[in-house]
Amino acid sequence: MTSQKRKVTVAVLIALVGATFASADVWQRFNSSNSFSVAYPGTWFRIGASADRIQLLSSKGGAEGIVIKRGQAEITALEGKGSPTKTLTQVISHYTKGSSVLLRRSVHNAAGNEGCSDLKEIISKEEPVPSIDTPSRMLRIVNTDFFCELDGHKIVILLRNWEGDNRQKEYQRVALQMAKSIRLIQR
């Protein structure tokens, strides 16, 4: 190989390595005003302004609540409704009410004493609007939710995306990584 070809090959390899590192998500940490912190991908877009929760969209556009566009996901991290007075089972029931549960499982997390060592994962589907209000069948929303209890606090990671989205596994990996990063804030 000539010296010129080697220089070009090295330059291409450096460019590829640089592009790989540049495209990697830079994770940031959100500290809620009430009890927990969670890491989230800095490439996702924060929506809403709240000190007690973080809401993210995987891409620009869409809106808060149910309005996510096709090919987009929303992740919300918050302390569960009714926490700390309700049990984890009650909190899970609140967030899965009205949906069709497809999977329930425990996910072990080697978080030590600081994080959630036992996450509850619930995957469900729901109609974006009641079927009685639409003349034809619509795509459903897939929810992948992670529930964690730490010192009486029930922390919830809620992932929503459209049924059939080919990036669903990627979204689920992000939500799981966020769930594994949950920590209580010492006050």
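Two strands count as paired here when DSSP finds at least two bridges between them. Keep that in mind as you click through this predicted model.

**Stop 1**

Select S1, S2 and S10. These three strands make an open sheet in the order S1-S2-S10, with antiparallel pairing. At the edges sit strand S1 (27-31) and strand S10 (183-184), each pairing on one side only. Now zoom in on S2 and S10: two bridges join these antiparallel strands. To see one of them, pick Ser 37, whose bridge partner in S10 is Arg 183.

**Stop 2: the seven-stranded sheet**

Next, select S3 through S9. In what order do the seven strands of this open sheet run? Follow S3-S4-S5-S9-S8-S7-S6, with antiparallel pairing. Strand S3 (45-47) and strand S6 (100-108) are at the edges with a single partner strand each, so one side of each has no neighbour in the sheet. Turn the view and you can follow the twist, which averages 20° from one strand to the next.

Some pairings to click on:

- S4 and S5 are antiparallel and share five bridges. Leu 57 stands opposite Glu 74 in S5.
- S5 and S9, also running antiparallel, are joined by seven bridges. Ala 77 has Ile 157 in S9 as its bridge partner.
- S8 and S9 run antiparallel with ten bridges between them. Phe 147 finds its bridge partner in S9 at Val 156.

**Stop 3: strand S5**

Colour S5 on its own. How many of the seven residues of S5 are buried? Seven of the seven are, so the strand is largely enclosed by the rest of the structure. Show the side chains: Ala 73, Ile 75, Ala 77 and Glu 79 point one way, while Glu 74, Thr 76 and Leu 78 point the other way. Pick out Ile 75 and display its surroundings. Beyond its near neighbours in sequence, Ile 75 touches residues including Trp 44, Ile 54, Leu 56, Ile 157, Tyr 171, Val 174 and Met 178.

**Stop 4: helix H3**

Move on to H3. The helix has 13 residues and reaches 18 Å from its first C-alpha to its last, close to the 18 Å expected at 1.5 Å a residue. H3 lies across S4, S5, S6, S7, S8 and S9, at about 170° to S9. Its buried residues are Gln 168, Tyr 171, Gln 172, Val 174, Ala 175, Leu 176, Met 178 and Ala 179. As you look down the helix, remember that an α-helix has 3.6 residues a turn, so residues three or four places apart point the same way.

Now click on Gln 172. Is Gln 172 buried or exposed? Its relative accessible area is 9%, which is under the 20% cut-off, so it counts as buried. Setting aside residues within four places in sequence, Gln 172 contacts Ile 123, Thr 144, Phe 146 and Leu 159.

H2 lies across S5, S6, S7, S8 and S9 and runs at about 165° to S8.

**Stop 5: the nonpolar cores**

Show the hydrophobic side chains. The largest nonpolar core has 26 residues, and the members touching the most others are Val 38, Ile 75, Ile 157, Met 178 and Ile 182. Which element gives the most to this core? H3 does, with six residues. There is also a second, separate core of eight residues, among them Leu 88, Ile 92, Ile 122 and Phe 147.

**Stop 6: Leu 119**

Select Leu 119, in strand S7 (residues 118-126). Leu 119 is buried, with a relative accessible area of 0%. Leaving out residues up to four places away, its contacts include Arg 105, Val 107, Phe 147, Cys 148, Leu 176 and Ala 179. For a distance check, take Leu 119 and Val 156: they are 37 residues apart in sequence, with their C-alpha atoms 9.7 Å apart in space.

**Last stop: confidence**

Finally, colour by pLDDT. The chain averages 83, with 79% of its residues at 70 or more. Among the elements, H3 has the highest mean pLDDT (97) and helix H1 (residues 3-23) the lowest (41). Select residues 5-23 to finish: the pLDDT there is below 50, and beyond near neighbours in sequence the stretch has two contacts in the model.

Conventions
Residues are numbered from 1 along each chain as its sequence is written. This is a predicted model: local features need pLDDT of at least 70, side-chain atom pairs count only at pLDDT 80 or more; totals for chains, interfaces and linings use all residues. Side-chain values use heavy atoms; hydrogens and water are left out. Helices (H or I, at least four residues) and strands (E, at least two) are DSSP runs, numbered from the N terminus. Buried means under 20% relative accessible area, exposed over 50%, partly exposed in between (1.4 Å probe, protein chains only). Contact means heavy atoms within 4.5 Å. A nonpolar core is a set of buried Ala, Val, Leu, Ile, Met, Phe, Trp, Tyr and Cys residues joined through side-chain atoms within 4.5 Å. The expected span of a helix is 1.5 Å times one less than its number of residues. Axes are lines fitted to C-alpha atoms, for helices over the stretch in contact, and angles run from 0 to 180 degrees between N-to-C directions. pLDDT is the predictor's confidence in each residue, from 0 to 100.
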